[in-house]
Amino acid sequence: MSVLSPNRSQRPASARSQARTAGRGGARSGAPRAGRPSAWWGLPALLFFGLFAVLPMVLVVYLSLTTWGGLGSPQFVGFANWTRLLGDSVMHRAIGLTLMLTVGSWAVQTPIALLLGVWASGRQRNRAVLSAIYFVPLLLSSAAIAIIWRALLDPNFGPLAQIGPLIGAPGLDLLSSESGAFTVILFVSAWQFIPLHTLLYQGGARQIPESLYQASEIDGAGRYRAFWHITLPQLRNTITTSSVLMIVGSLTYFDTVLIITGGGPGHATTIVPYLMYEAGFENYEYGYASAVACVLVAVATLASLLMVRFTGFGSMRSTREGM
């Protein structure tokens with residue numbers, strides 16, 4: 001037995017009793033506890049959250065029970081807006097399109113961003129240059145991106161006017177068909193946000209210990225087996241984080257739809273956020289728009305809770321634990 005590490009049982013009983021008494025006395029005394037800040041430190045965050053999140057949500061719920069055109073005082077109508085919402089076919093289709101956009105965005109963006117992020121995590125100089133080019137969309141605003149793609153897709157003055165005759169489709173107009181317009185929105189959203197998620201995967205891939213890949217080489221594993229059995233498991237927390245951001249962001253996607261398609265043709269791209277804008281700022285039905293906003297918040301919250309519940313996001317631990 002080491003002299004520097006005596007067995008706890010060899011300590012006299014009186015010494016152990018005194019230590020327990022001192023511990024209890026110190027806890028009961030007014031001595032400050034090291035490492036645990038006071039609850040007052042959270043007061044500014046609570047005030048900020050209550051003022052800019054809870055209070056507006058309460059007001060939106062109240063407005064959903066009224067009819068209001070923006071002038072005068074709101075008139076209480078009970079659940080009339082909610083009854084109309086339940087029977088609105090446009091709202092039903094908007095919910096379906098929103099879910100389609102959310103699932104499609106995840107299915108398209110996740111594998112591309114994952115592969116680009118793993119590839120960009122290399123140390124070669126050419127990869128650094130190409131990565132900088134890939135991240136250019138992160139420097140642009142959503143409105144600027146939508147305007148650029150609207151001009152590129154113009155059937156009269158955009159590149160499509162020259163490309164269409166070459167491929168046997170003169171007057172090609174992707175925005176005039178329902179499937180084409182929805183595909184454009186899905187493509188533009190992917191082009192805009194893939195660099196963000198690529199950056200997440202790049203950072204996650206660079207945190208994977210090199211010793212794991214060296215051990216796999218010794219065992220004879222090739223590049224693809226190392227990717228499936230080392231890279232993907234090590235990136236599971238990054239995949240979960242990226243998926244949460246992607247799904248919640250897709251549920252609140254709005255500005256690109258407004259600028260490129262305006263919800264059309266017909267209601268082919270009228271997702272729930274755009275329907276809320278249309279009801280409130282075009283038809284001046286703020287009560288009905290508030291009811292739509294409540295549905296959007298409920299769907300986004302439910303999606304977030306499901307992600308936390310079924311992916312283990314709430315109990316996430318480091319993949320390098322024990323190394």
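1. The second largest pocket has a volume of about 170 Å³. A pocket here is an open set of points on a 1 Å grid over the protein atoms alone, with protein on both sides within 12 Å along at least five of seven lines, and lining residues have an atom within 4 Å of a point. Volume is the space filled by probe spheres set on the points, which are joined across faces, edges and corners. Of its 14 lining residues, Phe193, Leu245, Met246, Gly249 and Ser250 are the closest to the centre. At least two lining residues come from each of α4, α8 and α11 (236-251); helices are DSSP runs (H or I, at least four residues) numbered from the N terminus.

2. This is a predicted model, in which local features need pLDDT of at least 70 and side-chain atom pairs count only at pLDDT 80 or more, while totals for chains, interfaces and linings use all residues. Residues are numbered from 1 along each chain as its sequence is written, and side-chain values use heavy atoms, with hydrogens and water left out.

3. The lining of the second largest pocket holds seven nonpolar, seven polar and no charged residues. Ala, Val, Leu, Ile, Met, Phe, Trp, Tyr, Cys and Pro count as nonpolar, Asp, Glu, Lys and Arg as charged, and the others, Gly among them, as polar.

4. The largest pocket contains about 800 Å³ of space. Its lining is made up of 23 residues, with Val118, Ser121, Arg127, Tyr213 and Arg223 nearest the centre. Two or more of these residues come from each of α4 (89-120), α8 (178-206), α9 (210-218) and α10 (223-234). The biggest share, five residues, is from α10. By class, the lining of the largest pocket has eleven nonpolar, six polar and six charged residues.

5. There is one cavity of 30 Å³ or more, a cavity being a set of points where a 1.4 Å probe fits but cannot get out. The largest cavity holds about 50 Å³ and is lined by Ile95, Thr98, Leu99, Val272, Val295, Leu296 and Val299. Six of its lining residues are nonpolar, one is polar and none is charged.
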